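Dear colleague,

Please find below the structure that I am handing over to you. My notes on it follow directly after.

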Amino acid sequence: MTGGVVFWLIAFAVLVVIEFASLQLLSIWFAAGAFVAMIFAAFDFSLWIQLLVFILVSIVLLACTRPFLKKFLHK
C-alpha cells in the first residue's frame, strides 16, 4: 500500500466512525469522497488529483442528497 492509500483509508475510517457516532448525516459524504480518493491513490494519481476528487465527490454528494434526505427524514 502506498502512503496515499493509507491516508485515505484512515480518513475514511475516521469519517465513518464520526457518522456512526452522530447519526446526523454530517460526514457520510466526506467519507464517500475519501473512499473515491483512496481508489485514485491506489492507481498512483497525484496528490492534487486525489484532493480534487475528494472535494468534488463530497460537494456533489452533499449538494444532491442532503436536501432530499432532510426533507425525507423530517416527515
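Does Asp 44 count as buried or exposed? Asp 44 counts as exposed because its relative accessibility is 60%; buried means under 20% relative accessible area, exposed over 50%, and partly exposed in between, with a 1.4 Å probe and protein chains only.

This is a predicted model, in which local features need pLDDT of at least 70 and side-chain atom pairs count only at pLDDT 80 or more, while totals for chains, interfaces and linings use all residues. Residues are numbered from 1 along each chain as its sequence is written, and side-chain values use heavy atoms, with hydrogens and water left out.

Asp 44 is placed in the loop between helix H2 (28–42) and helix H3 (47–73); helices are DSSP runs of H or I with at least four residues, numbered from the N terminus. Most residues other than glycine have a negative phi. The phi of Asp 44, however, is positive, near 60 degrees.

Four aromatic pairs were found in a search of the whole structure. Rings of Phe, Tyr and Trp (its six-membered ring) pair if their centres lie within 6.5 Å; planes under 30 degrees apart count as stacked, over 60 as edge-to-face and the rest as tilted. One of the pairs is Phe 7 with Trp 8, edge-to-face at 5.0 Å centre to centre and 75 degrees between the planes. Phe 7 is partly exposed at 48%, whereas Trp 8 is buried at 3% relative accessibility. Ring pairs also link Phe 7, Trp 8 and Phe 54 into a cluster.

Phe 40 and Phe 45 form a tilted pair, because their planes lie at 50 degrees, with the centres 4.9 Å apart.

How values were computed: Helix = DSSP H or I, 4+ residues; strand = E, 2+ residues; numbered from the N terminus.
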